[in-house]
Amino acid sequence: MKIRRAQQFVKYSDQPVMLKLKRGQLAALSIAAVVIIVGVPLWWRTTETYRAWLPVSQIKELAKLQLHLSADVEVVFARGTVTPEQQKKVPLTQTQNMEHRVDEDTALSYRYETRYRTATIMEEDALNQPTAAEADLSLHTLSESPSGSLVVYVIPESSSLLPQNVDVYIGQRRTALLRIGSQMRVGKTLEQLLAHMEPRIKQVLHVMSFSHTDITAALSNRVRISPGNKESIADSMRAFKSSPGYEITFSLLNPDPKSHRLHWDIEGAVETYIQPLLTKLSPVANFSIDSQTLYYAMLGVNPRFDSSRSTYTLNADSLAHVINPVEARLGSNAASSNPVLNFLLYIPDAHHSPLYIHDHKKQQVPTNAFHSPRWGGIMIIRQCWVYNVNEFYEVDTVFPVDINIDMAKVMGVFLAQLRLLLGVQSSTPPPGFLVAPCGNAGLADWELDRLMWSRSVENIATATTTITSLAQLLDQIGNIVINDNIAQQVSSAVTSLQLAVSELEAGNLGFALQYSKEAILSSERAFFDPSLLHLLYFPDDQKFAIYIPLFLPMCVPILLSLLKIVSEARQKHREKKPKKD
Amino acid sequence: CVGINLRYRFHVSLLCKLVSCFGDRAGQFFSSGHTNNWAVLVCTSRFWFNYRHVANTLSVYRSVKRLGIPDSHIVLMLADDMACNHRNPKPATVFSHKNMELNVYGDDVEVDYRGYEVTVENFLRILTGRLPPSTPRSKRLLSDDRSNILIYLTGHGGNGFLKFQDSEEISNVELADAFEQMWQKRRYNELLFIIDTCQGASMYERFYSPNLMALASSQVGEDSLSHQPDLAIGVHLMDRYTFYLLEFLEDIHPASKTNMNDLFKVCPKSQCVSTPGHRTDLFLRDPGSVLITDFFGSVRKVELTMETINLTDPIDAESGELQKEMHTYADQLPVSEIIHQKPKQKDWHPPDGFILGLWTLILLVFFQTYGVKHLKHIF
């Protein structure tokens, strides 16, 4: 048994030398082969970060933003504005294109499609109303213009609808009344008439629809515009940036509960006055409203007593210091990160009543209110807006006095401030324009259109900047893991952006705004995803320090044996050569 | 000498203001371009002997609150709790001056990130906005493109890094990248970065985004030194740079017109032993025109409301019939269920992997030593 066993296993040291060498070389070569063919790819695959596919080419296309905005204008000539010869050539359609290059990556083009026609009999009847407001109302009952379009009615010079010095009346919906100029009285050709009308219609368009200044202001996230005049800077600083939702908080400040017991019907007032505006603005953003009452909340500033009017006054200079002490006491909804608009109503305490705000010229401000850009507004109650309170308290008044607040007046001021802060308010119209007061909804249709234009452009600009900078960031830093959900959000953002741009070009304002909002939501979600944190900064020397102790002990024997094999093969080759000769 | 200059400048500016109030007002409204202020104040070191870092941060917090920035706009991160530390002989206080003159831990300090929540990851998440959706509002930096942000860091640092919590560090490259991401999303209008650590100037070397101004307490290769120990408390109370910074800020009030050039002169080498540095090349405005209150305070811009809307509809009288809903508190925990719970049956688990592995090893060694033929005795 033992001998057989011994014969089976030949000791390694007895085997012939050549066989040993060959086996050694084979072993080294196979180990090297395993390391290179299996090991290196395995190490590469297991240490690479998972990066889902992103539509990089489409994102690069979006980086060069080309926005086409188009508006439909209908110009209706009333009786007495066109001669019969001119009337034959009307109806006709004209298209105007204007290109603007904002910077190397952004280009805008505006297209106005103007349709000229004459008025129908019903429209003539409507224009025969005594005042412009009534004409506007009856014109609206005839037809409703879709979002983003305008109708301009050209009325003869002698018409009594508009006052003497007013040439254009802008209604509450999407109509304007334009008084034809006197030089068109004598018979001219249709081309001359249209040439005369064109700049005036363009002026109306700038007020009622998008204008170049508005659109470039909306692009401020994308393009660093040099500041224009002071008014435009103030406008851009005042209005809140586009956001999917806003929170509005109404606060009643009562510094003196011992003297005043306040009653304000905030629920009813919000329902009646504020909610119609917010419902009309619902395509633009979501709003949530809450209200609170704060007791013993003082203004941080001491008012001065004005003996000439025997009232207390607050100077306009000291208003800036009012907000900070109060803001510390205002709460906010902890659940959302939406921007908050605060509207405060302050009832002065009995010792400092009545309290009025004076402007720089020492005149009383009629609204007794002020607002802070991107924050909200503060209003001090006026005596005349409060029931049940005399100017001065009698000696035998029983404290606390019940005070009922006239919410209509208060909400009128808050509504005006809300319009300013949301960016609805347009700048002062050019001379000769008369703008109808906005209705009970607090918002005219054309103002809503303007807001929708600028919000769509702003959303598209912001979303493209976000997506391109995200793509750039992910490209630059190779260590960040790109999960599937992020890739999905980016793809959906890109799709929504492309749809938004095409809808804007087609002139469908509602769809364009909706797609742009979706684009913003997806792009923000992708950019601010918590998993995209590049935390580990690996300088190159640290990478070497990690890998060398792992790989060097393994690679050195392999390399040395390979070198030995190569040198032996070369030696053999050299030995063989003389033999061949 | 410096103090007299400040006062003189204040009087001159007051005179100018009286002479031309309208022009100045419009100019002031538009000169800075910001509508709100934020502050991120971070103390990165723990342990009782780093008391001075917490005191540094709380002093800046105090100044910033005094000058008007509300708590909702301040993100305060303290890596350790000194006020309630076991070794604090005066609990619930953090003093910044010897002889316990100034308690900077008042009764309305709101710490947003405390203890082990102060990490490099959380700090970068705050700056870039990549926080999980469940983060409350007070822990977020909700700035927009018209916000001026003040960022103050203090702790132990070195050439190109700042140590967090004794176990990790943030490098200047990461910080610069974070600021660049903030700029890409327009999360700030202007940013002032102050750092009080050893070799602090290395932390702002790598910045490359616009509208950044940076101050540091010492240059590369220098150490920032602490100010003075308090014998009763037993540790150093403040660092020199922040001590003189606090002294400088105590003279500022919300309406003051002191500008950044005065801030650069705070703590010269004779007082600080190290050389404070600053960097303004990325800042667009001239530092002489930047007010201290642009960053440390919160001076609101105000416009008078000139319009009102005529509302005529009467309010619906429906609200009178609203039924009062009875509200009750909901139980946080299902108390009755917890009290009457029966103890859970523990499921049987197979033996742990470690035990299995150990037994396998013992068996292998046994059979290796004594040969495979012994297997037949077992099976």
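A disulfide is counted here as a pair of cysteine sulfur atoms within 2.5 Å. The structure is a predicted model, in which local features need pLDDT of at least 70, side-chain atom pairs count only at pLDDT 80 or more, and totals for chains, interfaces and linings use all residues. Residues are numbered from 1 along each chain as its sequence is written, chains are lettered from A and ligands numbered from 1 in the order in which they are written, and side-chain values use heavy atoms, with hydrogens and water left out.

Over all chains, the structure holds one disulfide. This disulfide links B:Cys267 and B:Cys272, with an S to S distance of 1.7 Å. The disulfide is right-handed because the torsion about its S-S bond is about 100°. Accessibility was classed as buried (under 20% relative accessible area), exposed (over 50%) or partly exposed (in between), using a 1.4 Å probe and protein chains only. By this scheme B:Cys267 is buried, at 2% relative accessibility, and B:Cys272 is also buried, at 1%.

B:Cys198 is in no disulfide, and the nearest cysteine sulfur, that of B:Cys272, is 12 Å away. For B:Cys43, the closest cysteine sulfur is in B:Cys198, at 14 Å, which is too far for a bond. B:Cys43 is buried, with a relative accessible area of 0%. B:Cys198 counts as buried at 18% relative accessibility.

The UniProt annotation "active site", from an unreviewed entry, covers B:His156 and B:Cys198. These two residues span 43 residues in sequence, but no two of their C-alpha atoms are more than 6.4 Å apart, so they gather at one spot. UniProt positions are given in the numbering used here, feature names are shortened, and annotations may be inferred rather than shown by experiment.

Helices (H or I, at least four residues) and strands (E, at least two) are DSSP runs numbered from the N terminus. In chain B, B:His156 lies in the loop between strand 4 (147-154) and strand 5 (157-158), whereas B:Cys198 lies in the loop between strand 8 (190-196) and strand 9 (212-216). B:His156 is partly exposed, at 24% relative accessibility. Contact means heavy atoms within 4.5 Å. Leaving aside neighbours within four places in sequence, the contacts of B:His156 include B:Thr44, B:Arg52, B:Leu162 and B:Thr197. With the same exclusion, residues touched by B:Cys198 include B:Gly157, B:Ser218 and B:Glu222.
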